[in-house]
Amino acid sequence: MLRIEDTDRERSTAENVAQILDAMDWLELDYDEGPVSQAGRAASHEAALEKLLDSGAAYRDAATAKDVEAWKAEHGAGRGYRGTPTEEPGAAVRLRVPDGGETVVDDLIRGPVRFPNRSYDDFVIARGDGTPLYNFAVAVDDAEMGITEVVRGDDHLSNTPKQLLVLAALAHEPPRYAHLPLLHGPDGKKLSKRHGAASVQELREAGYLPAAVRNYLALLGWGTDDDTTLMGTDELVRRFEVGDVGKAAAIFDEKKLRWLNGRFMRELPLDEYTAAVAGHLGREPDEALRAACAIAQEKAQTLNEVWPLIRFLFEPPVEDEKAWAKTMKEGAGKLLAAARGALAAAPAFDVAAVEAALSPLPDRLGLKPGKLYQPIRVAITGSTVSPGIFESLSALGREESLNRLEAAISRLEGEIQANDPSVLDN
RNA sequence: GCCGCUAUCGUCUAGGGGACUAGGACGCCGGAUUCUCAGUCCGGAAACCGGGGUUCGAAUCCCCGUAGCGGUACCA
């Protein structure tokens, strides 16, 4: 049985468990709740503690943190604390650590890592009130649950010997361990909330696709020998080998994730794409959305970027004065009027028909296509950025397109009058 | 302090004694695609932490240093 251990020390256990289960679901792994209940765990912790106390492998010790410090000052920093057994009932329980020899963690990724026993304290395995501490509890749980493989973060490597010592005292075969390198933020520090999206949920909220995240995460600390970068989940499962994972911490670079995500987004069949967008937006994957997705798919790198591109199909044009001022220069009214005329006369309103109606205009008017298309874009979407202009018009439909052009033309006329009082004189 | 881990372009990595003039990807820069943005295509700049060994030969093996990270709790 495999155990995957979360590594975040700041969150509460309950939160961690919820997060892991949620993440596993998203990562499409199968998991079981585990055969041991909370009450069952507490009972086995108690039993294991008693066993160790009886055998002399553990003992009660009244020393406080200060006492330990003083002991070390006296015996040298390189030497782990060794306490004196007491019968005092409120004393904490410590495990006896041998003075000689070493404890070897045979890590799947790093190979054998040797820790001198002498450098470890007789560490506390249970508080004075009998409640167990992490390194003891986790070892007992692993034994109890028949865990054979443990995959967790590198930050656990140096307390693995403690768990091994507990397992040895319990005469239980230890699991195999794989300690994965940690992830750091762009500043080189351990990844945390202030780096932005640091958990799978946050990545999902930011509009990344599960398959893209899997691909990206697999590439952190691991690479293929034939330089393959893009891999679907099936291929990942086939090729990934935990023993091939690198040893150094990696920096989480969202730019590459964005790029990868864009690749996955563009390769999605339209129905799946629409479903993903619908799920993200909390909308129905209806025909309107499907049509909108069809013209936006090429352009969005994340699910978050889709709505700004297709919003004009569902709502009035956004009000963006900068975009207006930038494109609605002198003569824009005439251009829009020409476009309106051509579109009104078009025999149909599919993409090809719209293009056929508009594309002769720039030549006829003697200007670059952009001079015509940008004002149209702003008139119908409100923004200087949108899907292709023919696609956008066609998707909007003839009636609404003409209405929006008309509205823009009226506004331009109003502005001309306001700026030039002489118009009023006529 | 002590114990441990790690070190190839800005970033993720390939490469594990000669195939290295060190490969790929993201990002960046330049060009192309004469509707924006994005995309796509082409081109470019960009790295073996330092010092000693071992060897005919070192990015690759060993040692030392340096730096980063982790652990060192009656936290998980």
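Q: Hey, which helices do the buried residues of α15 pack against?
A: The buried residues of α15 pack against α14 (332–345), α16 (360–365) and α18 (389–396). Keep in mind that this is a predicted model, where local features need pLDDT of at least 70 and side-chain atom pairs count only at pLDDT 80 or more, while totals for chains, interfaces and linings use all residues. Residues are numbered from 1 along each chain as its sequence is written, and chains are lettered from A and ligands numbered from 1 in the order in which they are written.

Q: Ok, and which residues of α15 are buried?
A: In α15, which spans residues 351–358, V354, A357 and L358 are buried (20 or more other C-beta atoms within 10 Å of a residue's own; 12 or fewer is exposed, in between is partly exposed; C-beta atoms are placed from the backbone). Those three cover an arc of only 90° around the axis, so they sit on the same side of α15. The arc is taken from the directions from the helix axis to the C-beta atoms.

Q: How many helices and strands does chain A have?
A: Chain A has 20 helices and 10 strands. Helices (H or I, at least four residues) and strands (E, at least two) are DSSP runs, numbered from the N terminus.

Q: How much of chain A is buried?
A: Of its 426 residues, 27% count as buried.

Q: Over how many bridges do β2 and β3 pair?
A: They pair over four bridges, in the antiparallel sense. V93 has A126 as its bridge partner in β6, and R94 has V124.

Q: Are the residues of β3 buried or exposed?
A: They're buried on both faces: A92 and R94 on one side, V93 and L95 on the other. In a regular strand, side chains alternate between the two faces of the sheet.

Q: What angle do α2 and α4 pack at?
A: About 105°, with the axes of α2 and helix α4 (residues 134–145) 10 Å apart. That's why α2 counts as roughly perpendicular to α4. For the labels, under 35 degrees is roughly parallel, over 145 roughly antiparallel, 65 to 115 roughly perpendicular and the rest oblique. Axes are lines fitted to C-alpha atoms, for helices over the stretch in contact, and angles run from 0 to 180 degrees between N-to-C directions.

Q: Which residues in α2 and α4 meet?
A: R41, S44, H45 and A48 in α2 meet A137, V140, D141 and E144 in α4 (contact is C-beta atoms, placed from the backbone, within 7 Å).

Q: And what about α11 and α18, what angle there?
A: Helix α11 (residues 287–296) and α18 pack at about 175°, with axes 10 Å apart. That makes α11 roughly antiparallel to α18. A291, A292 and I295 of α11 make the contact with E391, S392 and A395 of α18.

Q: Last one: where is G366 found?
A: G366 is in the loop between α16 and α17 (369–381). Because G366 has 7 C-beta neighbours inside 10 Å, it counts as exposed. G366 and R79 are 287 residues apart in sequence and 87 Å apart in space, C-alpha to C-alpha.

Technical notes: Two residues are in contact if their C-beta atoms, placed from the backbone, lie within 7 Å. Two strands pair if DSSP finds at least two bridges between them.
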